Amino acid sequence: MYQQMIFVNLAVADVDTSRKFFTELGYTINPQFSTEDCACVVISDTIVAMMLSKQRYADFTKKQIADSTKTSEVLLCLSAESREKVDELVDNAIAAGGSAAGETQDHGFMYGRAFDDPDGHTWEVMWMDPAAVQG
């Protein structure tokens, strides 16, 4: 059965910094689709983040590239299997050179935190009680 995938493309100041940051979070780099201008970060079987140098990113758009440290161009949200996994990923991101973003969101059935990667892209991490989704 076909599984649709998402390839998130992000402009980064330094591909090596992004490669190091995301591998420290436990993700892998697919060397088949990585170069010195691009790191292909495998988040899951269906989610891939392409960390492109600004020069390489410009090959795909005629628009001005946002300065993600000053402008929000996208909010990325990853699911987590538990509250503890939310905290683990965000704490690891901060330890690896990211920074906390926003306030912890705790609604009982849903829990989330966020971090900014070294380029300022905001990554939210969210857990939702499966019973709340079904009911």
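Among contacts in the protein between residues at least 6 apart in sequence, what percentage join residues at least 24 apart? The share is 53%.

**View 1. The whole chain of a predicted model.** Four helices and nine strands make up the secondary structure of the protein. Starting at the N terminus, the elements follow the order β-α-β-β-β-α-β-α-β-β-β-β-α. The radius of gyration is 15 Å, close to the 14 Å that the globule rule gives for 135 residues, so the protein is as compact as a globular protein of that length. The C-alpha trace spans about 45 × 40 × 30 Å along its principal axes. Buried residues come to 36% of the 135.

**View 2. An open sheet of four strands.** The strands are ordered S1-S4-S3-S2. Their pairing is mixed.

**View 3. Where S2 meets S3.** Strand S3 covers residues 38-42. S2 and S3 run antiparallel, joined by two bridges. Look for Ile29: opposite this residue stands Val41 in S3.

**View 4. The largest pocket.** This pocket holds about 180 Å³ of space. Its lining includes Leu25, Tyr27, Leu78, Ser79, Ala80 and Glu81. Also among the lining residues are Lys85, Glu88, Leu89, Asn92 and Val125. By type, six are nonpolar, two are polar and three are charged.

**View 5. Elements around the largest pocket.** Strand S5 (75-79) and helix H3 (83-95) each supply at least two residues of the lining. Which element gives the most to the lining? H3 does, with four residues.

Key:
Residues numbered from 1 in each chain as written. Predicted model: local features only at pLDDT ≥ 70, side-chain atom pairs only at ≥ 80, totals over all residues. Heavy atoms only, no water. 1 Å grid on protein atoms, 1.4 Å probe; cavity = no way out; pocket = protein on both sides within 12 Å on 5 of 7 lines; lining within 4 Å. Points joined across faces, edges and corners; volume = space filled by probe spheres on them. Nonpolar A, V, L, I, M, F, W, Y, C, P; charged D, E, K, R; others polar. Pairing = 2+ DSSP bridges. Rg over C-alpha atoms; globule rule 2.2 N^0.38 Å. Buried < 20%, exposed > 50% of the residue type's maximum accessible area, 1.4 Å probe, protein only. Contact = heavy atoms within 4.5 Å.
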